[in-house]
Amino acid sequence: MFLRHLSLVNYKNFDSKTLEFDPVINCLVGDNGVGKTNVLDAIYHLSFGKSYFNPVSTQNIKHGTEFFVVEGEFEKENRTEKIICSFKKGTKKVIKRNGKPYEKFSEHIGFLPLVMISPADRDLILEGSETRRKFMDEVISQSDKSYLQNLIKYNKVISQRNSLLKYFVANHTFDPNTLAIYNEQLHGLGTEIHKKRVEFIESFIPIFQEQYQHISEKDEQILLSYESQLSERPLLELLESNLEKDRALQYTSVGIHKDDLGFTIAGHPIKKFGSQGQQKSFLIALKLAQFHFIKELANTTPILLLDDIFDKLDEHRVSQIVGLVKNDNFGQIFISDTHPERTENVVKNIHQSYKIFTL
Ligand SMILES: Nc1ncnc2c1ncn2[C@@H]1O[C@H](COP(=O)(O)OP(=O)(O)OP(=O)(O)O)[C@@H](O)[C@H]1O
């Protein structure tokens, strides 16, 4: 699968831009702020229906305009797939595949597998658990449609339950029957999601460790673990035993929406005890593991977006990553960099077709 053509209208800093891509390697070069990352983000938009960097859709519209359109033509299994993602202020975002709008965006997720590696990934280590859950959910969703559906349903029930808890307090009332219905629903959905997360982590860890050893070339004891209250007790039990606390807090304090991933080095949190280099290697290993994991499960090589990759890696490591597509006719890579010569040096050595775009 590869992206052949991209056209942008009013997307971030672009009025209008059209790019015809190479099926294998594409480099976007230019000074800071010319829009290299914005092009990668537009490609991400076509795959996920949202920006990797800015979740506020109106902020992805070029300043002073009212709408954006991102259009891409992909070659997938010998067919051309035309994807359009458009958004006008005050309306709902629309994603169309070959002219037909999706009713639910979740139906589109996984259709065009894609992995972005960007300096913004550091949030995975530095920010709260939500970022790490999102990472896990994104990887699983790209290869498992029912997972995403269950997650959407679960989140809906959580917000209904939270509204009910607030209603109880505001109206000095309590209705155990409605609460019990929500608890049952959360238990069913949450247990299923937890099971998928456990399975995912089990198969993901060895791939991740292999990638880390490959990058660090040292024997460092890194560990990735799944932390969930549901590993201790069934969700229904947790909900029931935390009822008084939830009533006081007016929100649901237990469940898979509290899960986290633990990142440690030599038994200590990498956030506090990892060197900058170790943190970088950890993040790249995570993302490369994501790439391999999706490749295997989705049976398609994901498109790989490498944003400002030299910020994270030396040339040797970049060559190694770009070499990922070497033996695979269907892999496509996009690289953004401020130094044209440096990028060209790396891609030349791969002996694959490539295009360089100066923005
Ligand atoms: N909604 C918007 N409307 C207009 N311009 C925008 C919008 N959102 C972002 N920009 C502009 O896009 C530019 C940043 O583009 P981008 O991050 O793609 O640059 P880059 O080429 O990747 O730079 P660097 O080399 O620094 O990473 C900035 O000048 C920013 O002001």
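Where is the place of A266? A266 sits in the loop between β10 (260–265) and β11 (268–269), and point 2 comes back to this residue.

1. Some ground rules. This is a predicted model: local features need pLDDT of at least 70, side-chain atom pairs count only at pLDDT 80 or more, and totals for chains, interfaces and linings use all residues. Residue numbers start from 1 along each chain as its sequence is written. Helices (H or I, at least four residues) and strands (E, at least two) are DSSP runs, numbered from the N terminus.

2. Two backbone spots to look at. Most residues other than glycine have a negative phi. A266 has a positive phi of about 50° although it is not a glycine. A266 is exposed, because it has 12 other C-beta atoms within 10 Å; a residue is exposed with 12 or fewer such atoms, buried with 20 or more, and partly exposed in between, with C-beta atoms placed from the backbone. H172, also not a glycine, has a positive phi of about 50°. You will find H172 in the loop between α4 (145–170) and α5, and H172 is exposed, with 6 other C-beta atoms within 10 Å.

3. The annotated binding site. UniProt, in an unreviewed entry, places the feature "binding site" at G30, D31, N32, G33, V34, G35, K36 and T37. Please keep in mind that UniProt positions are given in the numbering used here, feature names are shortened, and annotations may be inferred rather than shown by experiment. N32 lies in the loop between β3 (25–29) and α1 (36–48), and V34 lies in the loop between β3 and α1. N32 is exposed, with 8 other C-beta atoms within 10 Å, whereas V34 is partly exposed, with 16.

4. Is N38 buried or exposed? N38, found in helix α1, counts as buried because 22 C-beta neighbours lie inside 10 Å. Leaving aside neighbours within four places in sequence, N38 is in contact with Y11, K12, N13 and F14; contact is taken as C-beta atoms, placed from the backbone, within 7 Å. N38 and Y52 are 14 residues apart along the chain, and their C-alpha atoms are separated by 9.8 Å.

5. A buried loop residue. T301 is found in the loop between α9 (276–298) and β12 (303–306). T301 counts as buried, with 21 C-beta neighbours inside 10 Å. T301 and D22 are 279 residues apart in sequence and 16 Å apart in space, C-alpha to C-alpha.

6. Helices α3 and α5. The axes of α3 (residues 129–141) and α5 (residues 176–216) come within 11 Å and cross at roughly 85°. Axes are lines fitted to C-alpha atoms, for helices over the stretch in contact, and angles run from 0 to 180 degrees between N-to-C directions. The two helices are therefore roughly perpendicular to each other (65 to 115 degrees; under 35 is roughly parallel, over 145 roughly antiparallel, and the rest oblique). M136, V139 and I140 in α3 meet K196, R197 and F200 in α5.

7. Helices α10 and α11. Helix α10 (residues 315–322) packs with helix α11 (residues 340–348) at an angle of about 50°, with their axes 9 Å apart. This pair is therefore oblique. From α10, E315, V318, S319 and V322 meet R342, V346 and V347 of α11.

Note on methods: Two residues are in contact if their C-beta atoms, placed from the backbone, lie within 7 Å.
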